[in-house]
Structures are given as structure tokens and as C-alpha cells.
Amino acid sequence: MLLMGVLAMVTRRNFLKAGAVIAGTLPFARSLSALAAGSDTLVAVSAQTVNSLDLHRTGTNRASYQIAVNCYDRLVSFGSKPAEGGGLSYDYSNIVPELAESWTFSEDGMKITFKLKSDAVFTDGSKVTATDVKWSFDRAVSVGGFPTVQMKAGGFVRPEQFEAVDDETFVVILDQASKLALPDLAVPVPFIINSKVAKEHATTDDPWAMEYLHTNTIGSGAYTVTRWDAGQQVVFERNDKWVGGPVPPVRRVIMREVPSAATSRALIERGDVQVAFDIPDKDAAELAGKVTVHSTPIENCIHSLCLNTKFEPFQDPDVRKAIAYAVPYEAIFNAAAYGRGAPLWGGEAKATDIAWPRKSPYDTNLDKAKEHMAKSGFADGFETKLSISTDLSSWMEPTALLIQEAVGKLGIKVEIEKIPGANWRTAALVEKRLDFHLENFGGWLNTPDYYFFWAYQEGHLFNSSNYSNAEVEQLTNETLHMAMDDPEYAPKIMRMIDIVFEDLPRIPLWQPALNVALNGAGGYEFWFHRQLDIRGLTTVES
């Protein structure tokens, strides 16, 4: 997995060049050379904002998942395989040890017994025990919101399901056997926390030490955060005691927030940084051949236009269909995605298989759009805001502008609202208060029922449209833990697909790719969580 390369110096001259490029653009440019890089340091840039070091905290955004990935262990992980688009990819079909040395299932599949690695220690040197695992799992199923629902997807819902038998034996009791149980323990959420340290900082009002973990990492993972300047940078230092995998080649990784895509492109093209993460499709297309670019299709991920059913006009099915037929899909795909990824429009009227993501039955047809608008209760149009995240403006802004123009032909007057990336998750997903917005949910566990569990079940985090359908709820609950070769599975999935394409709380646009540019770095691996796994990165000669 780890490709050892020749270590390269990242010189002070390069840092000064980088500072010259971004001076006047970033508020923290003055601190760029504060941590002089050397042969054991790698610098990465991303437009995304880390807003917490604790994934379990309410409102923690996707960029912050990288903290759990790199600074904490889970019991298990996924293996690796060659990726489409170059580099490596996680392998959903291969579960491998991380903190657990081994595991066994009972004959009925409802009891999992894990044996922990005897030499696993936290960064303070204390032994990782099954008591820490239980406390961490208890926390995940109890804090509510995203982590608790994610645990539920694997069948983990109550602290009583978890038992620390002895220091190195941890047992999970399931209510029913589930295809998602073991894979769900490999996602970022069930990370293992030093419970002794956490309890020292817990209070009556904060029994899970949410405030302390918001700004501190206390795990056994490959790295620890030694500095976090919110809105500017995160500094990771290697944990040489890590036993969850091969010790990372790079001692220090500096992840800098660079909101400007043009600045990120200049930095990576000149070699002033070694990794530019999640770059726009346009830059990926134009940088290919100049630096190493990996573009990996994101499994189970859809860029969508979401219509909030709490907003009166979007409760009208004809309004929703009018908008679906008005969307200029191909123009958006070319302007926002530069043709990278997979189109998701113009599909069959009814599902004939369980492939997901899949093309919706809608395409651009202004005549049909006008027919549905005329039949609706809002034939004269209405006014609304179309909300986008500044963190995701590279695809959201051109998409929003084209949608604004298109629905204007139906009498729908749209104002584009830009919400700071640090506030986006709270507004769109936690409070679900955005009437009309773009979103890009990608399911971590690669099955259609899992996507529906998150995006179409009432109250669940990524159901930003406030969608509710009793039959979809029932079908999702029935299929979530069902084996995919069960004869009832496929018909139920196809029925769900037909319902949500008829109801249209989310209008699929395209399946995106994740683009990462490297110049002086190697060892990149794509992950379903769409964050940078720094554990395998190497510094190499440019």
C-alpha cells in the first residue's frame, strides 16, 4: 500500500514563492512560512473548511471527517485496490484489521467478538482497551444526529449492545444479522477515543466531552493534530506508536485551507505544495499532463438539485416536475463538470435493475416543463432563493446560474444565496431550512438501500428536502439489513427507485469524480468519505 519514494526537500524558497502567490488573497498568508517544511513534511491544500476536530459534534462538516480518519483508529478498515483514474482506492469487498487483531461471528450472525491488538496505545502511551471501545461506541449511539443514525445503519443502536469482556475482548450483540454491520465499523464514525482522558474533561452538562474533543485529538491513530487555526490550517504530526497499519512515511502533514481555486492551481503547478485536494473539474482537465492528476468516480454519490417540501410551492408535484424538465442537464454537465463523471438524466421510465446511482427519467424539455407549471397551483410563478455553499462553488455556482436562467422561463424568480462553507452543513442538513438548494450526498456503504436510508428517510441528516413517504420508509427499513441475494431485495429496491423519481424531492444532475493533483507526492488513495487519507502519502522528487 505504501510506495516509498525518494524524500524531497520542500525549501524555504518554495514557501516564500507560495506566500507571494497567495499574499493578499488569504488572511493567513503571513503565517505561511511559520512552519518551515523539510524532507519529512508534506503540504496539502484544500478549499474545504475544517470546523471541528470531533466528527460526533453537531454541525461538524465533511472536511472535518479527515480528523477522525487520520487521528483515530476504528476496529476494522477496508483494503486497497487499483483505482479507476489512477492511484489506489479503498476496496469495499475487503475488510481488514485496524485496531482489532481478529473477529468472529456467531453462527446466527448476531454476535461479533473482536480481539484487540495487545500493543495498541493512545498517543499519551496508555493502552487501548475494550473499555475505551465500549465508551466510544456508547458515545456514538448516544450523542444523536449524524453519528447516531450512521451507527443505526449497521444495527448499532444502544449501549447495551456493547460489552468489554476483558482488556482485549470486545463484543457486539446485534438485534438482527446485517450485511452492513461489519462495513459500518470501517467508516469514520465509530472511532476509538481515550476514554480516561475524555472523562477527565467531561461535565454534568457535557458527559461526552464534546467541548474538549472539539479542539483536541486523543486517539491511537496514525497522526495527532498539533495545531488547528480555524479557517486556515491543520497541522498533523505522526504517531510513531501507531499499530493500525504501516507507520506513515511522512512525519508532518500541513493541510492549508485555500478558498481560491486559482491559487491552489498555481501552488500545485509550481510545486510549492505537494497535494491539491478536491480540485475543480476544469483544473483537473487542464492540469493533466503537467502534474499527476487522479480523477476517481465517487461511488454512491449524486450531485442533486433539492426541493424542500416544507416550502409551499415545492409541495406541488407539478412544480417539482416542471423544474425537473426545465433543468439544462447537458449544459450544466459541460460547464460545471467539464464532462467528468457520469450523466444522470434521460433514463428509463421505470427501474428494471437495482443499479445506483442511475439516470432519472427526466431530461431537458421546456414544453413539458411549461405544461406541468400550467397545471400546478403556481402557474404564474413564484420567488425563491437557490442556496449554494462557498466551499463547493466550483460546481455549485455555474450550476446555479444555469438553473436560475432555466426556471426563469417558467416564471420562477430565483435569487442565488451563497452560504459560507463552515455554516453550510448546519443550514442545509441539520436545520434543513433551505428551500431550494444544491447538495452532493455520497453514501459511505455501497448499496442503494443505504443511500435511501440517508437521503430519503424522514429526519435523517442528508434528507435536506424534508421528504417523507411511508412506503419508502418501510421499504428502506426492510432492505437495509437484507442480503442482496435475497429474492425480495431487488423488487423492493426497484419500487423505491420508481417512487422517489415520481416524487422528486431530489433531482439528480450527475455522478461526480473526486480530483486530486500531486506534484512531489505519491501514495494517494481514494476513499468513499471524500477526504484526504494522509497515512499513505509519500514525498517524492518532483
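Select helix α15 (residues 448–455) and helix α16 (residues 470–479): their axes come within 9 Å and cross at roughly 135°. Axes here are lines fitted to C-alpha atoms, for helices over the stretch in contact, with angles from 0 to 180 degrees between N-to-C directions. Helices (H or I, at least four residues) and strands (E, at least two) are DSSP runs, numbered from the N terminus. α15 and α16 are therefore oblique to each other; angles under 35 degrees count as roughly parallel, over 145 as roughly antiparallel, 65 to 115 as roughly perpendicular and the rest as oblique.

Now show side chains: Asp449, Phe452 and Phe453 of α15 meet Val472, Thr476 and Thr479 of α16, where contact means heavy atoms within 4.5 Å. By class, that contact has three nonpolar, two polar and one charged residues. Ala, Val, Leu, Ile, Met, Phe, Trp, Tyr, Cys and Pro count as nonpolar, Asp, Glu, Lys and Arg as charged, and the others, Gly among them, as polar.

A note before moving on: this is a predicted model, in which local features need pLDDT of at least 70 and side-chain atom pairs pLDDT 80 or more, while totals for chains, interfaces and linings use all residues. Residues are numbered from 1 along each chain as its sequence is written, and side-chain values use heavy atoms, leaving out hydrogens and water.

Next, the largest pocket, with a volume of about 550 Å³. On a 1 Å grid over the protein atoms alone, a pocket is an open set of points with protein on both sides within 12 Å along at least five of seven lines, a cavity is a set where a 1.4 Å probe fits but cannot get out, and lining residues have an atom within 4 Å of a point. Grid points are joined across faces, edges and corners, and a volume is the space filled by probe spheres set on the points. Centre on Ala47, Asp278, Asp391, Leu392 and Ser394, the closest to the pocket's centre among its 38 lining residues. Elements giving two or more residues to this lining include β1 (41–46), α13 (393–408) and β19 (513–518).

How many cavities of 30 Å³ or more does a search of the whole structure find? There are eight. The largest cavity holds about 190 Å³; select Asn61, Arg62, Leu392, Gly421 and Trp424, which lie nearest its centre. α14 gives the most to this lining, four residues.

Last, the second largest cavity, about 80 Å³: its lining includes Arg62, Phe146, Tyr450 and Trp454, and α4 (145–153) and α15 each supply at least two residues.
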